[in-house]
Amino acid sequence: MSHTQALCRFLAELNVAQLPEEVLARTEDLYLDWLASALASKGAHPIPLFERYAQKMGPGSGPAQVIVNGGSSSAYFAALVNAASSHLVEQDDLHNSSVLHPATVVFPAALAAAQDLGKSGSDLLLASVAGYEAGIRIGEFMGRSHYRIFHTTATVGTLAAAVAVGKLLDFNEEQFINLLGSAGTQAAGLWEFLRDAADSKQLHTAKAAADGLLAAYLTADGLTGARNILEGDQGLAAGMSTDAEPARLSADLGSRWALLETSFKFHASCRHTHPAADALLDLMQREGLHAEQIAHVETRVHQGAIDVLGRVTVPASVHQAKFSMGTVLGLIAVHGKAGLTEFHELALTDPAVAALRDKVSMTLDPEVDGAYPQRWLGRVTVTTLEGRTLHGAIDEPKGDPGNTLSRAELADKFQRLTQFSNARTPAQANALIDKVWDLRNAVSMADWL
């Protein structure tokens with residue numbers, strides 16, 4: 001049996017009774033975090049473009065809900081818009097070792113299909129776990145080389161979304177094999193957009209969720225796909241990786257719940273900036289240091305951070321600022337936080353932030369690079385105007401599994417994100433939080449919002 005077959009057999013046989021309580025509870029937490037990210041982008045460019053496209057090309061209404069505008073459409077177009085909207089504000093989750101944002105591709109596809117198929121909250125949770133477990137393992141299988149050129153959430157995300165919908169459709173092992181073939185052949189998404197402050201990142205997740213759903217529905221109707229799309233001579237790894245490890249596809253299935261390893265985002269920026277941001281914040285608080293005392297900040301980082309963040313020097317948009325190490329550390333040093341409000345009101349306009357930004361550099365560090373992607377270490381060296389050299393170190397950034405967000409912190413984050421976009425009143429937000437934490441008991445996901 002190939003590693004792909006083993007994965008597909010596991011997915012076909014997975015049922016709710018196998019899921020530990022901590023997995024179910026964590027999935028509800030991840031769902032709440034995803035929903036907050038989707039609601040936070042209400043009205044923000046480029047999400048209205050996706051909304052208008054769905055209105056033009058799809059039905060004016062349908063069984064699946066569009067989160068940002070309260071409307072509805074077909075499952076395909078609801079998944080498309082909801083996936084775009086949940087990846088805009090850079091607050092959605094990340095799994096470290098796969099470098100995959102699972103929520104923004106898995107939940108939009110799973111919710112849209114669950115509403116279309118009349119499934120329950122328990123069905124949705126099971127499907128989401130399947131999507132996470134498959135997506136994370138496929139991301140790990142593709143290796144570090146893949147991420148240098150390809151946006152893993154776009155490529156692997158297509159397969160993760162497909163698996164979630166396939167589970168809702170109760171696929172057997174053979175159908176999952178075909179499903180991966182049809183999803184994998186559509187997988188795409190390149191990092192080049194970062195150079196231009198382009199809007200492609202939202203297109204990546206939109207297409208991943210929608211194309212995953214497309215692959216699943218066509219497979220259910222009899223469409224076949226490549227049987228060895230992951231490991232084959234002309235498959236995904238052959239074309240998109242130089243360090244793929246097939247054994248990662250089937251390792252510890254049913255005993256290691258990779259979903260539990262997923263990190264929540266605390267800062268509203270690219271996850272590669274978080275370790276350094278936490279290390280700098282900790283150092284400044286420990287030393288009683290102020291931004292105006294800093295002459296230089298050297299961040300010692302892994303190669304993946306350089307590959308992604310090194311493309312941005314002087315950001316041209318708020319979204320691009322979230323991929324600027326200097327801007328993120330500027331916000332942290334000057335204002336003590338790098339949340340949505342700080343990015344939208346200060347990142348591009350505050351001269352103090354710009355001044356600190358220009359004092360930040362990135363250096364490849366062997367220790368940090370060797371630990372990545374399993375661990376994302378934060379290391380900074382600050383030189384002060386007085387000539388002092390100070391060192392900061394964080395081994396688990398805020399939001400990592402060992403330093404996670406509590407339910408109270410997740411609820412606070414939900415309130416902050418929904419208030420940022422005026423998507424929900426505080427009372428409405430609280431009601432929705434309670435509803436999410438009772439998701440497993442929802443009889444039907446239809447009109448759930």
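This is a predicted model: local features need pLDDT of at least 70, side-chain atom pairs count only at pLDDT 80 or more; totals for chains, interfaces and linings use all residues.
I looked up the area buried between domain 1 and domain 2: about 2,100 Å², with 62% of it from carbon and sulfur atoms. Buried area here is the accessible area (1.4 Å probe) that two parts lose on being put together, summed over both.

Residues are numbered from 1 along each chain as its sequence is written, and side-chain values use heavy atoms, with hydrogens and water left out.

I checked the bounds. Domain 1 is 3-265 + 413-441 and domain 2 is 271-394; such bounds come from an automatic or database domain assignment. Their C-alpha centres lie 30 Å apart.

Next I took the contacts (heavy atoms within 4.5 Å). I found 26 residues of domain 1 in contact with 23 residues of domain 2.

I looked for salt bridges (a side-chain nitrogen of Lys or Arg within 4 Å of a carboxyl oxygen of Asp or Glu). The count between the domains is one. R144 and D369 form a salt bridge through their side chains, at 2.6 Å, N to O.

Last, I sorted the residues of domain 1 that touch domain 2: 12 nonpolar, six polar and eight charged. I counted Ala, Val, Leu, Ile, Met, Phe, Trp, Tyr, Cys and Pro as nonpolar, Asp, Glu, Lys and Arg as charged, and the others, Gly among them, as polar.
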